[in-house]
Amino acid sequence: MAVDTPARIAILGAGPIGLETALYARFLGYEVDIIEQGRIGASVHDWSDVRMFSPFHMNCSSLGLAAIEAQDPEYQAPAKDALLTGGEWLTRYLLPLAQTDLLNDHIQQQTTVVHVGRSQLRKRDLPADDSRHSADFRILLQDADGTERIGTSDVVIDTTGVYSQANWLGVGGIPAVGERQLRDQIHYRLPAILGDQRDRFAERTTLLIGSGYTAATNAVALNNLISETTDTQVIWLTRKPAGTGPIRSIPDDRLPERAALTAQANALAHGSDERFRYLGETGVLSIEQREGRYHVEIAGDPGETLVVDEVIANVGFRPDLSLFQELQVHQCYASEGPMKLAATLLAQDSADCLDQAATGPDSLLNPEPNFYLLGSKSYGRNSNFLFAHGLQQVRDLFTVIGDREGLDLYAGMKHLG
Ligand SMILES: Cc1cc2nc3c(=O)[nH]c(=O)nc-3n(C[C@H](O)[C@H](O)[C@H](O)COP(=O)(O)OP(=O)(O)OC[C@H]3O[C@@H](n4cnc5c(N)ncnc54)[C@H](O)[C@@H]3O)c2cc1C
């Protein structure tokens, strides 16, 4: 059923996709509340030193550029082929976008969404019945000082991403023995190895776990530290079969930065420098801290206990499903993304995220009327999400919300020259 303006839309998370979703909604005349647990673009702040693979024209929308230019006629957009760092993406696009009059007054920062339900209805009431839409959404929010309050809305769009919730590093994806006690000390993201946190890694031994691009980025940074110091050591551990990758390379990769990182990281894994040791086909069984060092027992025949100073586990992220536990959301049992979208992505079965075709409005629907998952969270544990996919989702979603087939606000706007 169409939701007409001026209905109220709650957008959970002020990341890149939350901002773009809110902007589109504002252009159409909806009331929006954007609720952000930290600061605007919090996840991107965390990887602000990392250079993006995708050029700027894939990381902005025509609507976003138009809104910023209307606000600030002096605005100079980055060149369309520029490969920005996360920090540059923030300062040159995402923050100016958030500061436009269309969005600025609608963002509540330092406010965490704890749970979303419906007034008068429980999860088991009216299964998959469209009439559930007549009960408002009831959203439990927590402010920075711990105060709790309730927000309400007609539509909820969850764009809270996955970056807040790292996977466990143990064999089988469950916590290694002892990991839960050390959760706050293990690095699960991108520590500033060559920046503020250099002293934690220089002249010390680091265990790096994982075989994705984040692990590759950390491997290259750690190797730079090896070349700048005398006794920095790295042990890189993955479950990939010996003799492969460990980073999967994409034939004729159209993203040169990604191809270069892959080649560099794989060369390190198979290099001869004793200070950089690579162990494939293994995983972590247990981890314990004794006298300031980690003792890490790894699987294999024979197994081994590694003694290291720091542990970086780049083992992926997963969505926080607790937010919508009281709603009727059908999730994929493998990816934990919403079922229809997960099935569409599975059918596309492409190794390269650039090949991902638009999944269409229908893939965004789930049994709970007027509740949607967009952005990286909608891909669940599938790490192939690109910002450009999120823009396709935003466009498709508003054809559903307003029941306006073919609506495309992006098409009518000026594109980067
Ligand atoms: C190192 C790195 C490099 C990348 N490079 C590229 C690239 O080159 N090109 C590309 O397209 N993509 C890239 N990505 C993927 C990129 O993260 C996404 O394209 C984009 O950030 C996803 O945006 P999002 O809004 O879905 O999620 P996020 O950026 O994760 O935003 C989610 C927001 O929700 C907030 N939030 C979370 N939980 C709550 C809660 N309970 N209550 C309120 N707020 C909450 C978070 O604080 C955050 O601000 C990269 C990712 C990483 C980690």
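Figure 1. The structure shown is a predicted model. The buried residues of the helix are Arg258, Leu261, Thr262, Ala265, Asn266, Leu268 and Ala269. They lie on the same side of α7, because the arc they cover around the axis is only 155 degrees.

**Figure 2. Aromatic pair Tyr24 and Phe398.** The whole structure contains 13 aromatic pairs. In the stacked pair of Tyr24 and Phe398, the distance is 5.2 Å centre to centre and the angle between the planes is 25 degrees. Tyr24 belongs to helix α1 (residues 16-28) and Phe398 to helix α9 (residues 387-401); the pair links distant parts of the chain, 374 residues apart. Tyr24 has a relative accessible area of 0% and is therefore buried. Phe398 is buried as well, with a relative accessible area of 1%. Ring pairs also link Tyr24, Tyr30, Phe398 and Tyr410 into a cluster.

**Figure 3. Aromatic pair Tyr379 and Phe385.** The rings of Tyr379 and Phe385 are arranged edge-to-face, at 5.2 Å centre to centre with 80 degrees between the planes. Both residues, Tyr379 and Phe385, are buried.

**Figure 4. Arg183 and two aromatic rings.** Arg183 lies over the face of Trp168, 3.9 Å from the ring centre. The charged end of Arg183 also sits over the ring of Tyr188, at 4.4 Å from its centre.

**Figure 5. Salt bridges of Glu368.** A search of the whole structure gives 19 salt bridges. Glu368 and Arg118 meet through their side chains at 2.7 Å, N to O. Glu368 is in the loop between α8 (339-348) and β15 (371-373), whereas Arg118 is in strand β4 (residues 111-118), 250 residues apart. Both partners, Glu368 and Arg118, are buried. Glu368 forms a salt bridge with Arg132 too, with the closest N and O atoms 2.9 Å apart. Arg132 lies in the loop between β4 and β5 (137-143), so its pair with Glu368 ties together parts that are 236 residues apart in sequence. Arg132, like Glu368, is buried.

**Figure 6. Salt bridge between Glu304 and Arg277.** The side chains of Glu304 and Arg277 meet at 3.0 Å, N to O. Glu304 lies in strand β13 (residues 304-308) and Arg277 in strand β10, so the pair ties together parts 27 residues apart in sequence. Glu304 counts as partly exposed at 30% relative accessibility, and Arg277 counts as partly exposed at 33%. Elsewhere, salt bridges that share partners join Arg200, Arg204, Arg293, Asp309 and Glu310 into one network.

Methods:
Residues are numbered from 1 along each chain as its sequence is written. This is a predicted model: local features need pLDDT of at least 70, side-chain atom pairs count only at pLDDT 80 or more; totals for chains, interfaces and linings use all residues. Side-chain values use heavy atoms; hydrogens and water are left out. Buried means under 20% relative accessible area, exposed over 50%, partly exposed in between (1.4 Å probe, protein chains only). Helices (H or I, at least four residues) and strands (E, at least two) are DSSP runs, numbered from the N terminus. The arc is that of the directions from the helix axis to the C-beta atoms. Rings of Phe, Tyr and Trp (its six-membered ring) pair if their centres lie within 6.5 Å; planes under 30 degrees apart count as stacked, over 60 as edge-to-face and the rest as tilted. A charge sits over a ring if NZ of Lys or CZ of Arg is within 6 Å of the ring centre and within 35 degrees of the ring normal. A salt bridge is a side-chain nitrogen of Lys or Arg within 4 Å of a carboxyl oxygen of Asp or Glu.
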